[in-house]
Amino acid sequence: MGDNSKKIEDYLITSEPYYEPVGNEISIFESAYQNQLPVLLKGPTGCGKTRFMEHMSWRLKRPLITVSCHDDLTASDLVGRYLISGSETVWIDGPLARAVRAGAICYLDEIVEARKDTTVVIHPLCDDRRVLPIEKVGELLEAPDDFCMAISYNPGYQSILKDLKQSTRQRFVALEFDYPSEELEQKIIENETSVDSTTSAMLVKFAHMTRNLKGNGLDEGASTRLLVHAAKLISSGVDPVAACNSAISEAITDDPEMLQAVNELSSSLF
Ligand code: ADP
């Protein structure tokens with residue numbers, strides 16, 4: 001996240017992050033970027049949103065400042081604050097102000113998790129004004145053309161408290177992400193790890209079984225991320241059933257009966 005000991009150049013991504021496009025998301029993002037439109041990535045956890053942002057940052061040659069939002073994150077954490085340094089107080093830009101000043105890409109991951117005052121500060125940046133008011137120093141920071149705002153949101157966690165308001169979401173070009181098709185997901189697993197195609201096919205099959213249980217005892221099925229984790233364990237010699245248990249089943253549920261049911265599915269496959 002916005003670490004002030006890091007120079008802005010350190011946020012540049014110089015070697016291509018491996019990303020398998022699922023549709024036309026790369027060209028839509030590029031057009032949104034060229035038109036200074038902010039982007040909203042929707043989709044479940046672990047389906048490639050962060051990797052996509054890394055890939056786009058590399059493509060557009062702009063630094064990427066990512067903030068993982070959590071329920072204690074306030075507007076000041078994003079914009080900045082005064083800190084005491086010796087006998088003086090100095091203003092320290094938060095990650096959002098840094099990204100605006102540098103014309104970087106600012107990616108707020110899971111925005112609905114953050115405190116409500118954070119959406120207030122992003123609003124004027126996400127419409128025609130493209131400004132960030134820094135009230136504490138009386139500065140109105142104008143975003144340069146190369147600044148880009150992107151946020152992510154998981155509609156699966158929807159609740160009245162944690163929903164993205166229309167006044168926020170209607171500022172963004174929205175890209176929908178989902179788990180890749182079977183073939184593509186297998187390809188991703190094989191590229192990210194060194195498992196063979198038989199193993200990757202089994203993992204994808206297992207993932208589909210868990211995804212079918214969504215809403216029937218599971219909040220969320222196994223994501224691509226978890227399949228990659230299990231595949232990594234398998235490639236370093238862990239038995240596939242044990243790998244699926246630790247990397248996938250235990251990660252998606254704590255319910256003993258559900259765990260048993262999910263583990264039976266993986267034992268039947270491997
Ligand atoms: P999210 O940000 O949606 O939670 P990530 O981008 O962290 O998910 O994706 C989790 C992992 O899944 C990545 O580290 C990568 O290994 C893999 N992955 C998922 N989708 C893709 C994709 N389209 N191309 C390449 N890797 C992918």
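The structure holds 1 cavity of 30 Å³ or more, a cavity being a set of points, on a 1 Å grid over the protein atoms alone, where a 1.4 Å probe fits but cannot get out. The model is a predicted one, in which local features need pLDDT of at least 70 and side-chain atom pairs count only at pLDDT 80 or more, while totals for chains, interfaces and linings use all residues. Residues are numbered from 1 along each chain as its sequence is written, and side-chain values use heavy atoms, with hydrogens and water left out.

The largest cavity contains about 40 Å³ of space, taken as the space filled by probe spheres set on the points. Its lining (residues with an atom within 4 Å of a point) consists of A32, Y33, Q36, L37, P38, L125, R130, F147, C148 and M149, and divides into 8 nonpolar residues, 1 polar and 1 charged. At least two lining residues come from each of α1 (25-34) and β8, helices (at least four residues) and strands (at least two) being DSSP runs.

Beyond its neighbours within four places in sequence, L96 is in contact (heavy atoms within 4.5 Å) with L78, C106, V121, I122, L125, L132, F147 and M149.

Notes
On a 1 Å grid over the protein atoms alone, a cavity is a set of points where a 1.4 Å probe fits but cannot get out, and a pocket is an open set with protein on both sides within 12 Å along at least five of seven lines; lining residues have an atom within 4 Å of a point. Ala, Val, Leu, Ile, Met, Phe, Trp, Tyr, Cys and Pro count as nonpolar, Asp, Glu, Lys and Arg as charged, and the others, Gly among them, as polar.
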